[in-house]
Amino acid sequence: MGRIEKKVADGITKYYWYPGDKREWKRAGIAVAIGLTTFLVLYLMAKDLLPAVVGGTSVTAGVMGVNLGRRDARALTTFPSLTGRAARLAAVAQTGRAAWRGLVHGFGGAAAAVLILNLPHRGIVADWVLPVVPAVVGALAHQAGMLVEQLPSSAATSGPGKEPAMATGEGAK
């Protein structure tokens, strides 16, 4: 939960609470800005709304998918064991935040599909394929974000792959 503090008078401070962390809101703003930039570049190049909207929403969904995937992976590593009342309450709170992220991600894909469907183009590709492209890009980027967040924390194990070829006798032949 984030908080904005504003001094109203001496000794009086007004607090405004908002969901999430300020850093996450900045990342969301960056994702939207990158999507808008992509939209503008594609529109200037193609002079057509369909590829510009599909490209802009797909890039936004991709960047947001990576951000949400990384955040979900971090939340999974800090998930508490369910061995007490406080731990169960923390798990419920964390599950609620994950559900909120899922709703935001799903709403973004649905909003992009509605936006693309309401463009003046018609045809099988414009009506059936292109509306799902941003949602698919976002889902794949979510998985990539989870993988990227998990890669640095993987433990190195010893085994046959760690030994040099010369030490095993295979490379001496």
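Reader: So what does the secondary structure of the protein chain come to?

Author: Six helices and two strands, in what is a predicted model.

Reader: OK, packing next. How do the axes of α1 and α2 cross?

Author: Helix α1 covers residues 22-46 and helix α2 covers residues 49-77. Their axes come within 7 Å and cross at roughly 160 degrees. Angles over 145 degrees count as roughly antiparallel, so that is how α1 runs relative to α2.

Reader: Right-handed or left-handed crossing for that pair?

Author: Right-handed for α1 and α2. Sorted by class, their contact holds 15 nonpolar, six polar and four charged residues.

Reader: At what angle do α2 and α5 pack?

Author: About 35 degrees, and the axes are 6 Å apart. Helix α5 is residues 133-150. The α2 and α5 crossing is right-handed, and by class that contact has 11 nonpolar, 10 polar and four charged residues.

Reader: Why quote both an angle and a distance each time?

Author: Because two packed helices are described by the angle between their axes and the distance between the axes.

Reader: Which residues does S58 touch?

Author: Leaving out anything up to four places away in sequence, S58 touches V133, P134 and V137.

Reader: Switching topic: which residues make up the largest nonpolar core?

Author: There are seven: L50, V53, V54, I116, L119, A126 and L130. Helix α2 gives the most to this core, with three residues.

Reader: What is L130 in contact with?

Author: Setting aside neighbours within four places in sequence, L130 contacts L50, V54, I116 and V125.

Reader: Last one, whole chain. What percentage of residues is buried, and what share of contacts comes from residues 24 or more positions apart?

Author: Buried residues make up 24% of the 173 residues in the protein chain. Of the contacts with a separation of 6 or more, 52% come from residues 24 or more positions apart.

Methods: Residues numbered from 1 in each chain as written. Predicted model: local features only at pLDDT ≥ 70, side-chain atom pairs only at ≥ 80, totals over all residues. Heavy atoms only, no water. Axes fitted to C-alpha atoms, helices over the stretch in contact; angles between N-to-C directions. Helix = DSSP H or I, 4+ residues; strand = E, 2+ residues; numbered from the N terminus. Parallel < 35°, antiparallel > 145°, perpendicular 65-115°, else oblique. Left-handed = near helix turned anticlockwise from the far one by under 90°. Nonpolar A, V, L, I, M, F, W, Y, C, P; charged D, E, K, R; others polar. Core = buried A, V, L, I, M, F, W, Y, C linked by side-chain atoms within 4.5 Å. Buried < 20%, exposed > 50% of the residue type's maximum accessible area, 1.4 Å probe, protein only. Contact = heavy atoms within 4.5 Å.
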